[in-house]
Amino acid sequence: MFKMFNSYLFLGAHPDDIEIWAGGFILRILRENKDAKVHCVVLTDGSAGYGTVEERKQESLNAAEILGTETYEILGLKDGSLCMQQDLPKIIANLIRKYKPDMLATHPRTDRHPDHSAIGEAVDKALFMAMTSPEFLEYEPHVCRNVLYFVSDPFQMPSRRLYIDISEVFEEKYRVIQCFNTQLDILLPYIELNKFYGKLSGLLAAEIFEPVSIII
């Protein structure tokens, strides 16, 4: 998978969402495919979490430097407001057209967090809008056929699961997560989940995704 696609777009609701659920995947992509371009976009300012907006932005930029992504964009929408953003499909459609990913990874619509589920619900509409030509969208149309959802709740496992082996990059992912100093009490248990997921599949550590659409 790491050499099949050259452009990836990771969408997260808050600073640290992408890193905690897909940081190891990103590190493996960039380690194993030198030509790959990984784009990360955080939609909110993180103001509802611990720490100030400025602190959370700086933490994200520090993490992005370790990850080595092509771009790391923070849109700065109000934290907690995504479920009320009627133009969220348009925003995401423009991001898809801007970065033209072969693969998109983001939150599922079934996530219990309202901001997360709002993105998951908007993505279906955005994927369709991105490949059409409405006047209110920017950039050229783009078709993204490959979609993964983050798996954030071990008690709500999807029936179809993709395990990504992050054993060789686990320590590096841990360094990335340590950048989010204001959120460590929340994030560290998820790092332990990576070890648990690894044991389920005979690995040191793993991340889990729900494959929504994979076309090779």
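Guide: Let us begin with strand E4, where Met103 and Ala105 point one way while Leu104 and Thr106 point the other way, and all are buried, buried meaning under 20% relative accessible area, with exposed over 50% and partly exposed in between, for a 1.4 Å probe and protein chains only. In a regular strand the side chains alternate between the two faces of the sheet. The model is a predicted one, in which local features need pLDDT of at least 70 and side-chain atom pairs count only at pLDDT 80 or more, whereas totals for chains, interfaces and linings use all residues. Residues are numbered from 1 along each chain as its sequence is written, and side-chain values use heavy atoms, with hydrogens and water left out.

The names of the elements follow DSSP runs, helices being H or I of at least four residues and strands being E of at least two, numbered from the N terminus. Two strands pair if DSSP finds at least two bridges between them. Strand E4, residues 103-106, pairs with strand E5, residues 146-150, in the parallel sense over four bridges; here Met103 stands opposite Asn146, and Ala105 has Leu148 as its bridge partner. E1 also pairs with E4 in the parallel sense, over three bridges, and in this pairing Tyr8 stands opposite Met103.

Stepping back, we find these strands in an open sheet of seven, in the order E3-E2-E1-E4-E5-E7-E6, with mixed pairing. Strand E3 (71-77) and strand E6 (162-165) stand at the edges with a single partner strand each, so one side of each is left without a neighbour in the sheet. Neighbouring strands of this sheet are turned by 25 degrees against each other on average, direction ignored, where axes are lines fitted to C-alpha atoms, for helices over the stretch in contact, and angles run from 0 to 180 degrees between N-to-C directions.

Helix H4, residues 114-130, packs on the sheet and touches strand E1 (7-12), strand E2 (37-44), E4 and E5, contact meaning heavy atoms within 4.5 Å. The direction of H4 makes about 155 degrees with that of E4.
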